[in-house]
Amino acid sequence: MSATQTAAQRALRARFPFAAFRSEVKLSDADATAFLARNGARVEQFYKDNAARYHKPKRVHARHVLVKVDEGAAPEAEKAAREKIDALAARVAGGEDFAKVAGEASDDPGSKAQGGDLGFFGPGTMAKPFEDAAFALQPGQVSPPVRTRFGWHLVKVEAVQPAEDQPLEQVRGAI
């Protein structure tokens, strides 16, 4: 805005929120086809420049049981935590339902009530040793005890979503 504009000129300037008009824009299939015909190279370049948007990394749906013990805990506390997680692992290996064991014994207040359910997560979300264990398992498998800075975990993978790259043909219309 120029310093020479008058108050009346500034008052006439209107602002329109884009979101208010977005729902009003109606593109026909013919409009989209014509746009893609004119801008095919731009669409392809956008796809290449933004490849990460169209890549879905592998994700796992996992449950866990946590036995808390601090990283610098005394050897007795570390031993007691390891014995507890080993006993819980034995219960699961003996056929007890993982969710039931997690609901009864996990020290994770955020997932305990849901039977240790953490939902789906991708790379870089969890502590590295936990993530490594989870991503190495197949659905239905349970890890051996895993030590993280939070304590000892048992990890059970419920489902795996493989990595997926959406091809340009699939997303061309959205671009």
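Predicted model: local features only at pLDDT ≥ 70, side-chain atom pairs only at ≥ 80, totals over all residues.
Residues are numbered from 1 along each chain as its sequence is written, and side-chain values use heavy atoms, leaving out hydrogens and water. Local features need pLDDT of at least 70 and side-chain atom pairs 80 or more, while totals for chains, interfaces and linings use all residues.

Start by selecting 29-49, helix H3 (helices are DSSP runs of H or I, at least four residues, and strands are E runs, at least two, numbered from the N terminus). Zoom in on Asn-39, where H3 bends by about 80 degrees (the angle between axes fitted to the seven residues ending there and the seven starting there). Now color Asn-39, Gly-40, Val-43 and Tyr-47, the buried residues of H3 (buried is under 20% relative accessible area with a 1.4 Å probe, protein chains only). Show 168-171 too: that's helix H7, which they pack against (contact is heavy atoms within 4.5 Å).

Next, pick Val-65, Ile-85, Leu-88 and Leu-154, which touch the most other members of the 13-residue largest nonpolar core (buried Ala, Val, Leu, Ile, Met, Phe, Trp, Tyr and Cys joined through side-chain atoms within 4.5 Å). Another core, of 10 residues, lies apart from that one and includes Phe-135 and Val-155.

Last stop: Ser-111, in the loop between H5 and strand E3 (117-121). Ser-111 counts as buried because its relative accessibility is 1%. Look for His-64 and Leu-118 among the residues Ser-111 touches.

Notes
Expected span 1.5 Å × (residues − 1). Buried < 20%, exposed > 50% of the residue type's maximum accessible area, 1.4 Å probe, protein only. Lists of a residue's contacts leave out its neighbours within four places in sequence.
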